[in-house]
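Please keep the sequence and the model in view while reading.

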Amino acid sequence: VSDCELDDMKYDDSPLDKALLYVFCKLVEKHTGGVSSEKKGILGLLEQSRTFMLQENQTAEAQHKMVYDTLAGLMTPVLPPFYRIF
C-alpha cells in the first residue's frame with residue numbers, strides 16, 4: 001500500500017512451515033486438476049490459488065468444491081468428531 005508507514009516485513013519460513021506448505025500445495029494441486037506454481041512456500045500457494053480462481057469459465061461452485069475437497073484432505077479419520085467440520 002503506497003501510503004503505508006510500516007516497514008516492509010520479510011517472513012522467514014521455518015522448516016515446519018515449509019513442510020506443511022508443501023503438503024498443502026500438493027493437495028491444492030490434486031484438487032485443482034494439476035494447477036501448480038514454480039514458486040515455493042506461501043508465495044507459491046498464493047500464485048497457485050490465484051491461477052485456479054482466475055481460470056476462464058471458473059465458477060463459484062467449482063471454487064468452493066476445491067476448497068472443501070482440499071480441506072477435507074487435511075482431515076484424518078482419527079480426528080475427534082468436534083474437530084471435523086465436514
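Which helices each supply at least two residues of the nonpolar patch? In this predicted model, helix 1 and helix 3 (60-74) each do so, and the largest share, 3 residues, comes from helix 3. The patch lies on the surface and is formed by Tyr22, Val23, Val67, Leu71 and Leu74, which together have about 420 Å² of accessible area. Leu74, which lies in helix 3, counts as partly exposed because its relative accessibility is 39%, a value that falls between the cut-offs of 20% and 50%.

Some totals for the chain are set out below.

| Property of the chain | Value |
|---|---|
| Buried residues | 17% of the 86 residues |
| Contacts joining residues at least 24 apart, among those between residues at least 6 apart in sequence | 26% |
| Accessible surface belonging to carbon and sulfur atoms | 60% of about 7,100 Å² |

In soluble globular proteins, nonpolar side chains tend to be buried together. Here the largest nonpolar core has 7 residues, namely Leu21, Cys25, Val28, Val35, Leu45, Phe52 and Met66. Helix 1 (15-31) and helix 2 (41-53) are the elements that give two or more residues to this core, with helix 1 providing the largest share, 3 residues. Phe52, one of the core residues, is in contact with Thr32, Val35, Gln58, Ala62, Gln63 and Met66 once its neighbours within four places in sequence are left aside.

Technical notes: Residues are numbered from 1 along each chain as its sequence is written. This is a predicted model: local features need pLDDT of at least 70, side-chain atom pairs count only at pLDDT 80 or more; totals for chains, interfaces and linings use all residues. Side-chain values use heavy atoms; hydrogens and water are left out. A nonpolar core is a set of buried Ala, Val, Leu, Ile, Met, Phe, Trp, Tyr and Cys residues joined through side-chain atoms within 4.5 Å. Buried means under 20% relative accessible area, exposed over 50%, partly exposed in between (1.4 Å probe, protein chains only). Helices (H or I, at least four residues) and strands (E, at least two) are DSSP runs, numbered from the N terminus. Contact means heavy atoms within 4.5 Å. Patches are made of residues with over 30% relative accessible area and no salt bridge: like charges are joined within 9 Å, nonpolar side chains (Val, Leu, Ile, Met, Phe, Trp, Tyr) within 5 Å. Accessible areas come from the Shrake-Rupley method with a 1.4 Å probe; for residues, only the protein chains shown count as cover. A salt bridge is a side-chain nitrogen of Lys or Arg within 4 Å of a carboxyl oxygen of Asp or Glu.
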